[in-house]
Amino acid sequence: MSKQLHLISLGCTKNLVDSEVMLGKLANYQITQDVDKADVIIINTCGFIESAKQESIATILQASANRKDGALLVVSGCLSERYYDELKEQIPEIDIITGVGDYDKIDSMIESRQSRHSRKVFLADEYNERVITNSSFHSYIKLSEGCNQKCSFCAIPSFKGKLHSRTLDSVIKELEILYNKGFRDFSFIAQDSSSFLRDQGLKNGLIELIHRIDSLQLPITARILYLYPSTTSIELINTIANSRTFLPYFDMPIQHISDSMLKIMNRGANRATHEKLINAMNTIQGRFMRTSLIIGHPGESEEDFRELCAFVEQSPFDRINIFEYSPQEDTKSFMLPTIESKIITKRINTINKILQKKQRASLCAMAGQTIDVIVEGVSDVSEYFYSARPRLWAREIDGEILINDIEDGLAEIKQGAYVCQITQVQDDFVFGKLLALA
């Protein structure tokens with residue numbers, strides 16, 4: 001009987017790709033959803049902000065408490081990279097600990113029951129067999145690791161290092177491999193996707209990648225996540241807009257809009273630069289725009305916050321994520337005087353009211369539309385609904401359409417592309433009817 005494996009992947013989709021590499025290296029194990037039945041438990045941690053650290057630690061302790069006798073507890077990822085020695089000392093229940101450099105050696109670590117902590121960062125390529133999780137239609141493809149930006153609040157470069165891009169050929173080969181396995185929808189990811197190949201001397205590497213993928217003329221769709229304002233050009237925006245493969249999906253975390261805050265955050269771009277890019281994206285027909293904002297960063301005055309609220313009220317972004325500032329060791333912002341937590345909470349509540357109103361209006365505007373969607377499977381909301389997303393939306397982060405009706409004559413519903421009519425929007429839930437295969 002095969003040994004059983006339980007893997008928990010925390011944090012971002014970049015982490016998920018690394019988790020899928022580990023699953024590929026451990027393909028001889030049987031995957032179980034029950035932690036108490038597993039012979040090996042792997043927790044791929046996140047250590048980006050304080051809440052993510054606490055979630056990772058709580059998950060480790062809970063898994064240890066629930067494991068069966070003799071089961072191995074393995075901890076990997078960003079938290080264990082940043083706090084390797086501390087975790088070894090303070091959580092002795094961990095049997096094997098590794099960081100972000102040895103995902104492809106997880107099988108040998110388990111076999112030898114020894115930890116490993118390389119002083120490098122692992123970057124998956126076409127030679128790493130991955131077990132794609134939760135989808136037979138969509139896959140993430142990682143473009144690079146590390147980051148050359150110097151945001152004052154971000155610790156990622158301190159443990160992920162400088163930008164390290166894959167080659168164009170490597171990315172294309174992985175895309176072709178995944179296509180031949182049946183995947184038809186892709187999200188290209190990196191810490192700073194718009195800087196792809198700048199470390200190899202190519203300023204417009206992402207533009208070149210788009211052209212190369214377009215030239216393949218594959219019947220696929222794709223989107224790019226995490227464009228950085230200072231490395232995104234109007235040419236890149238237009239290239240995405242004119243692509244036959246890439247959807248007009250623009251995910252650009254701006255973090256703030258006040259010039260004084262952008263300077264404190266060391267973002268490398270001012271409000272005028274942001275507005276130029278935002279206006280260019282907003283003119284693209286059928287576009288979808290996403291961003292993220294940090295609330296309560298040291299130095300954020302009431303005037304800065306009011307400016308941000310006014311911007312959000314009028315902004316064309318379809319989705320805006322809000323993050324409370326989280327002090328991080330090894331960053332410039334860590335040394336600055338912090339804002340009282342009650343002030344930050346009040347600001348978050350204020351801006352969330354604005355966002356909820358905008359989100360509701362955006363969803364209500366979908367009623368009656370007929371659109372292409374990707375069915376993901378049964379919804380977590382209820383076993384009586386299928387979960388779908390407009391083809392334009394990114395997986396898991398932009399929302400879902402609950403399919404509660406299916407046109408007569410449609411065969412068994414599987415993961416894939418369909419035509420859907422939005423029939424109702426109620427209490428922030430969007431309902432739809434599948435009409436045909438797309």
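Let me begin with a term: a residue is buried under 20% relative accessible area, exposed over 50%, and partly exposed in between, using a 1.4 Å probe and protein chains only. Hello everyone! What you see is a predicted model, where local features need pLDDT of at least 70, side-chain atom pairs count only at pLDDT 80 or more, and totals for chains, interfaces and linings use all residues. Residues are numbered from 1 along each chain as its sequence is written, and side-chain values use heavy atoms, leaving out hydrogens and water.

Now the overall picture. The chain has 13 helices and 18 strands; these are DSSP runs numbered from the N terminus, with helices being H or I of at least four residues and strands E of at least two. Its radius of gyration is 22 Å, close to the 22 Å from the globule rule for 438 residues, so the chain is as compact as a globular protein of that length. That radius is taken over C-alpha atoms, and the rule is 2.2 Å times the number of residues to the power 0.38. Of the 438 residues, 55% are buried. Contact here means heavy atoms within 4.5 Å. Among contacts with a separation of 6 or more, 70% join residues 24 or more positions apart.

Arg113 is not a glycine, yet has a positive phi of about 55°. You will find Arg113 in the loop between helix 5 (106-112) and strand 6 (138-142). Gln217, also not a glycine, has a positive phi of about 55°, and its loop runs between helix 8 (205-216) and strand 10 (221-224). Is Gln217 buried or exposed? With 60% relative accessibility, Gln217 counts as exposed. Arg113 counts as exposed too, at 54%.

Finally, the cysteines. An unreviewed UniProt entry lists Cys147, Cys151 and Cys154 under "binding site"; positions follow the numbering used here, feature names are shortened, and annotations may be inferred rather than shown by experiment. Cys147 sits in the loop between strand 7 (144-145) and helix 6 (156-160), and Cys154 is in the loop between strand 7 and helix 6. Cys147 is buried, at 9% relative accessible area, and Cys154 is buried at 16%. Which residues does Cys154 touch, not counting residues up to four places away in sequence? Those are Phe48 and Thr331. With that exclusion of residues up to four places away in sequence, Cys147 touches Pro157, Gly161, Lys162, Leu163, Gln191 and Asp192.
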